[in-house]
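Here's a walk through the strands and charges of this one. Have the viewer open as you read.

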Protein chains: 2
Amino acid sequence: MSIAPKTVREQVTNQIRDELVAGRFEAGTMLRETELANRFGVSRGPVRDAFIQLSYEGYLAYHANRGVTVRHPPNPENRKFITSLRQQIETHAVERGLAKATDDEIDNIEAALDRLKAACDSGDTTAIALQDIEFHETIMIGCGAEDLVSAWRQLCSRMLLTYSRLGDYHQAYREHVKIFDSVKARSIEATIEALKANIK
Amino acid sequence: MSIAPKTVREQVTNQIRDELVAGRFEAGTMLRETELANRFGVSRGPVRDAFIQLSYEGYLAYHANRGVTVRHPPNPENRKFITSLRQQIETHAVERGLAKATDDEIDNIEAALDRLKAACDSGDTTAIALQDIEFHETIMIGCGAEDLVSAWRQLCSRMLLTYSRLGDYHQAYREHVKIFDSVKARSIEATIEALKANIK
DNA sequence: CGCCTGTTAATTGTTAACATGGTAATGTGA
DNA sequence: TCACATTACCATGTTAACAATTAACAGGCG
């Protein structure tokens, strides 16, 4: 269920997010509604909506009457702390909800894993970063933790601004396979173990 | 620095947020752009912007082409977990940044405390809830943790949907005085202690 | 009788024009 | 030459009209 973006706003939002994660804009850069609207061939409305949304996803900073700027990635110390919070949230979700996950939801997670594999095979680091996070999100939703997803996403998003596990992303993929296998086996302990090995 | 809402969007956003925290809308209720736009005497644009923003603050859930609904407050088990995360974030902010807080920032925190006092004196529980959270936010910003504020806010927001420390809000106020005194004395340990006593 | 399909009313999605505000360049005075 | 006020430009803020989508309902078919 790779959400097919239907509305113009979603397409614009996704496109800008992709470019942000790809590092196309330097941190601190001011983004202009008109410029992006022209580039995408749409009006300023959806671009505006996208700016508000991406601000609250953590990628952009909003300044009234002055537009948005690209946020700086978190500093190393905060990164460590954020990673710890992320582990706690995903662990909590698995502990509380893995047992209740339906087969349908397991299928969704497997589909997310497939998309991650495709991204890894293509070598497109931006796609890998986004699919990586989406895989984890699918697990959380499968565990019935939609409640925590938005806060969790806030924490992860900006980490992506310097996503660079590029070293060996096939290793990263293998870690995710391991996570999925544990999920499929409905083993809470093994899943948490695998998650901890992956989130770092 | 009680942010004076300048744009229509900010006013609309604040107004809707107030009503949400006040419990004016039942959880699951669908909010209509036109209705609110008429009530506030503005066009649908700013209301739309407010919906997107409040969705990402955690109060509303967005459904493409079908508008927004009021989110349900977190269940008791998640509440406990969220409270723990909140404590960790505020503690982390204080540990890393209290020493570097400038006198100006201490003044801002004191101003926030004054506004909380005014709210308590008035007995307006909605205002108390919002000033409570704003006081904590001001501390985090004072400690240079803007980086973590948006995720932190996501966690707190929905808790407000059932803010009910109403029992004795003068006790709550005293707790905040204690926090401020520790902050002013730049005592990291005492501040963390006071925060832990307050966040529960 | 139940299900499917076409229509309709209502709501959100999008657009382009207009209003407002901020920034930076320009010119004036000391 | 520098400080400061003025002004012009450009970007965002807001609006209202128009387009697209949805869900509900009515009619017809199996």
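B:Ala61 sits across from B:Thr69, a residue of strand 3 of chain B. This is a predicted model, by the way. The two strands around that spot, strand 2 (residues 60–63) and strand 3 (residues 67–70) of chain B, run antiparallel and are joined by four bridges. Together they make a hairpin with three residues between the strands, and there B:Asn65 adopts a positive phi near 65 degrees.

B:Arg66 is also in the loop between strand 2 and strand 3 of chain B. Is B:Arg66 buried or exposed? With 56% relative accessibility, it counts as exposed.

Over in chain A, three strands form an open sheet in the order 1-3-2, with antiparallel pairing. Strand 1 (30–31) and strand 2 (60–63) of chain A are the edge strands, each pairing on one side only. Strand 2 of chain A is held to strand 3 (residues 67–70) of chain A by four bridges, and A:Tyr62 faces A:Val68 of strand 3 there.

Now for the charges. There are 30 salt bridges over all chains, and here are some of them:

| Pair | N to O distance |
|---|---|
| B:Arg96 and A:Glu77 | 2.7 Å |
| A:Asp147 and B:Arg158 | 3.1 Å |
| B:Arg115 and B:Glu134 | 2.9 Å |

Take the salt bridge between B:Arg96 and A:Glu77. B:Arg96 belongs to helix 4 (residues 76–97) of chain B and A:Glu77 to helix 4 (residues 76–97) of chain A, so this pair joins two chains. B:Arg96 is partly exposed at 25% relative accessible area, and A:Glu77 is partly exposed too, at 49%.

Next comes the salt bridge of A:Asp147 with B:Arg158. A:Asp147 is in helix 7 (residues 146–159) of chain A and B:Arg158 in helix 7 (residues 146–160) of chain B, so here again the pair joins two chains. A:Asp147 is partly exposed at 23% relative accessibility, whereas B:Arg158 is buried at 3%.

Then there's the salt bridge of B:Arg115 with B:Glu134.

Finally, B:Asp104, B:Asp107, B:Glu110 and B:Asp114 form a negative surface patch. Of these, B:Asp104 is in helix 5 (residues 103–122) of chain B and is exposed, at 58% relative accessible area.

Definitions and conventions
Residues are numbered from 1 along each chain as its sequence is written. Chains are lettered from A and ligands numbered from 1 in the order in which they are written. This is a predicted model: local features need pLDDT of at least 70, side-chain atom pairs count only at pLDDT 80 or more; totals for chains, interfaces and linings use all residues. Side-chain values use heavy atoms; hydrogens and water are left out. Two strands pair if DSSP finds at least two bridges between them. Patches are made of residues with over 30% relative accessible area and no salt bridge: like charges are joined within 9 Å, nonpolar side chains (Val, Leu, Ile, Met, Phe, Trp, Tyr) within 5 Å. Accessible areas come from the Shrake-Rupley method with a 1.4 Å probe; for residues, only the protein chains shown count as cover. A salt bridge is a side-chain nitrogen of Lys or Arg within 4 Å of a carboxyl oxygen of Asp or Glu. Lys and Arg count as positive and Asp and Glu as negative; His and the chain ends are not counted. The place of a charge is taken as NZ of Lys, CZ of Arg, CG of Asp or CD of Glu. Buried means under 20% relative accessible area, exposed over 50%, partly exposed in between (1.4 Å probe, protein chains only).
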